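Dear colleague,

I am handing over the structure that we discussed, with the sequence alongside.

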Amino acid sequence: MLLATAITQAASPALSGFTGESASDPVIVPPGPFFGIWGVIVIGCVASALWGLPRERAATAPYARVQWPVSLVQLGFTAWLLAAVSSPVWSVPVFLLMLACLGVALRIVVTTPAEPLTRWLLGTSVGLYTGWAAAAVWVNTATVLPGTARTNPAYLGLLLLGAVISLVVGAVLFRAHPGFVAAGAWALLGVVVSTSAAGAGVLGIVAGAGLAVVAAAAVLVRRRHGEPMAAARFPR
């Protein structure tokens, strides 16, 4: 199930007709190259599903516990792409459901003992996915705002604040998992680049300050758990 849905997820961009960036995207949408992280996530999902395929691994934690939530996320990705093409407003609730399932899966990963390669492979794919989704769902919301709201600095600033809060809360819940923190920081860095290029200085400052806050929160959480960020080890 995990492998089948991972393959479906990998094939869905070509089948859905989703083209990515739009000229009407709000200024807080990161530049195109930043979305290359989706490729890393999708490939990571397939690789971690293949690693978890043998029965002795699939039938024990953490794989036995994350199969359903991660499979639902991978199916949700396909639904999200279809919604983005046909009815963009529905992409937001789909993304929120994906984020909820990812949160369940990553919490399982960080609290369940596992062999090193499982911690690295499964942890990285789920961690990156969750961190990116925690920020991207707010950016996604900006793209479906009506009319002039998508260019209103106040609304966009509130959405950025929501992304930062989500990432800080996630850093605490997921013990500042390196994959989660890295993907969330990558998303905020993309916002800094896009807002700076568009001359939206205030929004750029908000995104930059948010990036610093998320980094500080991650360092504090890792220190509390006795694992400095420099060690980049995955919690047992």
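This is a predicted model: local features need pLDDT of at least 70, side-chain atom pairs count only at pLDDT 80 or more; totals for chains, interfaces and linings use all residues.

Residues are numbered from 1 along each chain as its sequence is written, and side-chain values use heavy atoms, with hydrogens and water left out.

Let me start with a helix pair. The axes of helix H4 (residues 63-86) and helix H5 (residues 91-111) come within 9 Å and cross at roughly 160 degrees; helices here are DSSP runs of H or I with at least four residues, numbered from the N terminus, and axes are lines fitted to C-alpha atoms over the stretch in contact, with angles running from 0 to 180 degrees between N-to-C directions. That angle makes H4 roughly antiparallel to H5, a term used for angles over 145 degrees. The residues in contact (heavy atoms within 4.5 Å) include Val73, Phe77 and Trp80 of H4 and Phe95, Met98 and Leu102 of H5. By class, the residues of this contact divide into 19 nonpolar, two polar and one charged, where Ala, Val, Leu, Ile, Met, Phe, Trp, Tyr, Cys and Pro count as nonpolar, Asp, Glu, Lys and Arg as charged, and the others, Gly among them, as polar.

Next come the aromatic rings, which pair if the centres of Phe, Tyr or Trp rings (for Trp, the six-membered ring) lie within 6.5 Å, with planes under 30 degrees apart called stacked, over 60 edge-to-face and the rest tilted. By this rule the count comes to eight aromatic pairs. One of these is the tilted pair of Trp38 and Trp80, at 5.9 Å centre to centre and with 35 degrees between the planes. This pair links distant parts of the chain, since Trp38 lies in helix H2 (residues 37-51) and Trp80 in helix H4, 42 residues apart. Trp38 is buried, with a relative accessible area of 12%, and Trp80 also counts as buried, at 10%; buried means under 20% relative accessible area, exposed over 50% and partly exposed in between, with a 1.4 Å probe and protein chains only. Phe77 and Trp80 form another tilted pair, 5.9 Å centre to centre with 40 degrees between the planes. Ring pairs link Trp38, Phe77, Trp80, Phe95 and Tyr129 into a cluster.

By contrast, Leu15, in helix H1 (residues 2-16), is exposed, with a relative accessible area of 74%.

How values were computed: Helices (H or I, at least four residues) and strands (E, at least two) are DSSP runs, numbered from the N terminus. Angles under 35 degrees count as roughly parallel, over 145 as roughly antiparallel, 65 to 115 as roughly perpendicular and the rest as oblique.
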